[in-house]
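Subject: Structure handover

Hello,

Here is the structure for your files. My notes on it follow below.

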Amino acid sequence: MIWSNWARSQRAEPREVLSPATVDDVRRSIARVRERGGTIRPLGSGHSFSAAARPDDAQLRVDAMRGLVAHDAERGRVTALAGTTIRELSALLADRGLALDNLGDIDRQSIAGAISTGTHGTGILHRSIGASVVAATLVTAAGAVVRVSETEQPELLDAVRLGLGVLGVLVDVTLQCVPAFALEAIEATVDLDAVLDDWMGLLERTDHFEFYWFAGTELAVTKSNSRVEGPLEPRSAIGRFLDERVLTDVGHRALLTVGALLPSASRALNQVAARGMARGRFVEPSHSVFVAERAVRFRELEYGIPVEALPDAMRELTAALRRADLTPTFPFEMRATAADSALLSTARGRDTAYIAAHRWWREDPRPLFELVEPILLAHDGRPHWGKHHSLRAPQLAELVPGFAEFLDVRNRLDPERVFASEWTRRVLGD
Ligand SMILES: Cc1cc2nc3c(=O)[nH]c(=O)nc-3n(C[C@H](O)[C@H](O)[C@H](O)COP(=O)(O)OP(=O)(O)OC[C@H]3O[C@@H](n4cnc5c(N)ncnc54)[C@H](O)[C@@H]3O)c2cc1C
């Protein structure tokens, strides 16, 4: 059976597909593949753009392991099985008056897959999803069931918080949650320069700030999400449908098709898109404000850079695109998060701004990514592990401060490289 990821940028024909439902199943599955000298890649929901989940040999799917197995009401912690999607998790948390502190743009990922590549949202005082992992259970290549927490092998926690599926198979993760909260969302189309001039102020004044920029325009679409106590003022069902299905899905697809057929129209199309994207104001539960539907497939490259560097990096980027006469009809997305401690995190030890370049999946992303990547690298950029980038292990060892320490943990937990693939050899080495 042919497997491909969401973006259709990775394909594989696994020699074997394993779908364990219990810890013992996981142990048996690993033992069987190991006995025949094979390799395994765990698969979450297949939403990584990179080949992080692409198997060379056996694929181990965790989607039979879903739901909550524990709830510590006093400390606001839950333990979720690895394959629970963020969408399912958010609903289960809402039933208990809880929420995750921060989320990315979508909720289709499994919780294990999301943390394993460093999935993040935005908010300068808020960290990536993996930072809320306070404990985890994983099955190693040797079949050992390892419990990692603040009190059990705590030295492994910052490796497991972003483990790339090379340390073992995560069976469950315990997450520190926060009381459920509402967000007031304000979306507006403004001048790009105004956003760049006030970047740090906007981050400091807004709990969760991000903006999009459409190439070939001077316009930014800002999304300012603030935590509020007040009553909900949700979008109507029809408003939501128009937003998510008509404007962002059908409308966006139409713009992309015209842009691909008629590149000279891209600038004008982007003007229209930038003015049509902002959705005004609404107040909804955090989960429904953070995430959106992404019905149009795309490819993405994203780097984390020091937070103060974003305005300069953006100005260089806009100038370089102008010089190259390159006008992708898919917006750039800019976000920021607080520093965290995961060994491989883009935000390890520094508050981080993110710049993401997207290209419609039917167009070749390489000219765009090849133009953007050196600019972000020159700003001390670190690539997102779940997205496209061109770097190999030696460069990553220079850029990622916890790289050597992570490799030590990997050597300890998987010395025989049962969880290896062509991709892991490229980004981590043999
Ligand atoms: C439309 C779209 C929007 C996105 N938005 C964001 C965003 O806002 N912010 C952001 O940071 N990223 C975003 N991403 C990237 C995405 O969040 C990550 O790539 C994430 O890792 C995908 O989760 P998944 O469950 O699909 O994992 P997969 O892609 O299936 O796997 C990812 C990694 O996790 C490992 N893994 C999976 N399950 C286990 C397990 N049980 N044990 C051990 N390892 C495991 C895999 O081996 C692989 O290395 C987006 C992706 C898409 C397609």
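Are Glu-300 and Lys-387 buried or exposed? Glu-300 is buried, and Lys-387 is buried too (buried is under 20% relative accessible area, exposed over 50%, partly exposed in between, with a 1.4 Å probe and protein chains only).

First, the conventions. This is a predicted model, in which local features need pLDDT of at least 70 and side-chain atom pairs count only at pLDDT 80 or more, while totals for chains, interfaces and linings use all residues. Residues are numbered from 1 along each chain as its sequence is written, and side-chain values use heavy atoms, with hydrogens and water left out.

Salt bridges

The whole structure has 36 salt bridges (a side-chain nitrogen of Lys or Arg within 4 Å of a carboxyl oxygen of Asp or Glu). One of them joins Glu-300 and Lys-387, at 2.8 Å from N to O. Glu-300 is in strand E17 (residues 298-306) and Lys-387 in the loop between strand E20 (382-383) and helix H12 (393-399), 87 residues apart. Helices (H or I, at least four residues) and strands (E, at least two) are DSSP runs, numbered from the N terminus.

Arg-335 and Glu-302 form a salt bridge at 3.3 Å, N to O. Arg-335 lies in strand E18 and Glu-302 in strand E17, so this pair ties together parts that are 33 residues apart in sequence. Both Arg-335 and Glu-302 are buried. Through shared partners, salt bridges join Asp-105, Arg-294, Glu-300, Glu-302, Glu-333, Arg-335 and Lys-387 into one network.

Arg-235 also pairs with Glu-284 in a salt bridge, with the closest N and O atoms 2.9 Å apart. Arg-235 is buried at 15% relative accessible area, and Glu-284 is buried at 3%.

Asp-340

Asp-340 sits in the loop between strand E18 (332-337) and strand E19 (352-360). Asp-340 is buried but has no salt bridge, and the nearest side chain of opposite charge, Arg-127, is 6.7 Å away (Lys and Arg count as positive, Asp and Glu as negative; His and the chain ends are not counted). The side chain of Asp-340 does make a polar contact with that of Ser-345, at 2.8 Å (a pair of N or O atoms within 3.5 Å; within protein, one must be able to donate a hydrogen and the other to accept it, and residues adjacent in sequence count only if both atoms are side-chain atoms).

Helix H7

Val-258 lies in helix H7 (residues 237-261) and is partly exposed, with a relative accessible area of 40%.

Regards
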